[in-house]
Amino acid sequence: MEEGTTIYFVRHGRTFLNKYNCMQGWSDTPLTPEGEEVVIQTGKEMANISFDAVYTSDLSRTQRTAKLLLQENRATDPNIAITPLPEFREVFFGGFEGQDGDRTYDYVAVRNGYENAQDMRAQLNHAQIINAIHRADPYHDAETFSNFWHRVERGLINLIQRHRENEDHILLVCHGACIKYIIENIVPDPKMSEVLPNASVSKVRYHNGQFHLDYFAKTNHFLPER
């Protein structure tokens, strides 16, 4: 018997900390009005997809995004539950939460022996940068990549086990790093851009033990900025 499920990953809409270029992991700020407008555009694009289950992280920016998406949906049960799961939280940046992003990355780079953030990014991959942030955090609270990935992977495995026998279509609203690392780790040689835009959509199909990426960070439905 064939087993499978389809997951639509959506990154949350733009928040005020995104707008201010601040480190935003477990810190939570509301979506900006413009961020909500873009989420609604994504909702209209996905309006005819019938979802069998809807999941988010347990942070309010993902739950608000999911509600806006479902308001535009014409094919899904209007009473469908939105289930928040802490496994799909963003990386925790510890003492750097809420700090200016550019200054933080330059500080992390210098603390790890690099000239600046550009130099560090040229020599380290994303997982290594997360570990560099952990080492530089003066409070020692920032997550290591291993801790981050283990909880995200656990959440993904639970979702697949729960839905694979029914060919379910799942909406999962979470965060940029979560989506990128999930897809990088389950799809062979994924063709992915560096930046995952807010409210973008990525579609992954799971079939008989294999993952297939249909598209990544889809944004061609976004309306031109006014």
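**Close-up views of a predicted model**

**View 1. The lining of the largest cavity holds 6 nonpolar, 2 polar and no charged residues.** The model shown here and in the other views is predicted. Residues that line this largest cavity are Gly43, Met46, Ala47, Phe51, Leu69, Leu70, Asn73 and Leu171. The volume of the largest cavity is about 40 Å³. The structure has 1 cavity of 30 Å³ or more. Rolling a probe the size of a water molecule over the atoms shows where empty space is left.

View 2. Helices α1 (16-19), α4 (101-111), α6 (126-136) and α8 each give two or more residues to the lining of the largest pocket. Sorted by class, this lining has 15 nonpolar, 10 polar and 8 charged residues.

**View 3. Helix α7 (residues 145-163) packs with helix α8 (residues 176-186).** Two packed helices are described by the angle between their axes and the distance between the axes. For α7 and α8 the angle is about 75° and the axes are 11 Å apart. Because angles of 65 to 115 degrees count as roughly perpendicular, α7 is roughly perpendicular to α8.

**View 4. Residues from both helices make the contact between α7 and α8.** From α7 come Phe145, Phe148, Trp149, Val152 and Leu156. From α8 come Ala177, Cys178, Tyr181, Ile182, Asn185 and Ile186. Of the residues in this contact of α7 with α8, 10 are nonpolar, 1 is polar and none is charged.

Terms used. Residues are numbered from 1 along each chain as its sequence is written. This is a predicted model: local features need pLDDT of at least 70, side-chain atom pairs count only at pLDDT 80 or more; totals for chains, interfaces and linings use all residues. Side-chain values use heavy atoms; hydrogens and water are left out. Axes are lines fitted to C-alpha atoms, for helices over the stretch in contact, and angles run from 0 to 180 degrees between N-to-C directions. Helices (H or I, at least four residues) and strands (E, at least two) are DSSP runs, numbered from the N terminus. Angles under 35 degrees count as roughly parallel, over 145 as roughly antiparallel, 65 to 115 as roughly perpendicular and the rest as oblique. Contact means heavy atoms within 4.5 Å. Ala, Val, Leu, Ile, Met, Phe, Trp, Tyr, Cys and Pro count as nonpolar, Asp, Glu, Lys and Arg as charged, and the others, Gly among them, as polar. On a 1 Å grid over the protein atoms alone, a cavity is a set of points where a 1.4 Å probe fits but cannot get out, and a pocket is an open set with protein on both sides within 12 Å along at least five of seven lines; lining residues have an atom within 4 Å of a point. Grid points are joined across faces, edges and corners, and a volume is the space filled by probe spheres set on the points.
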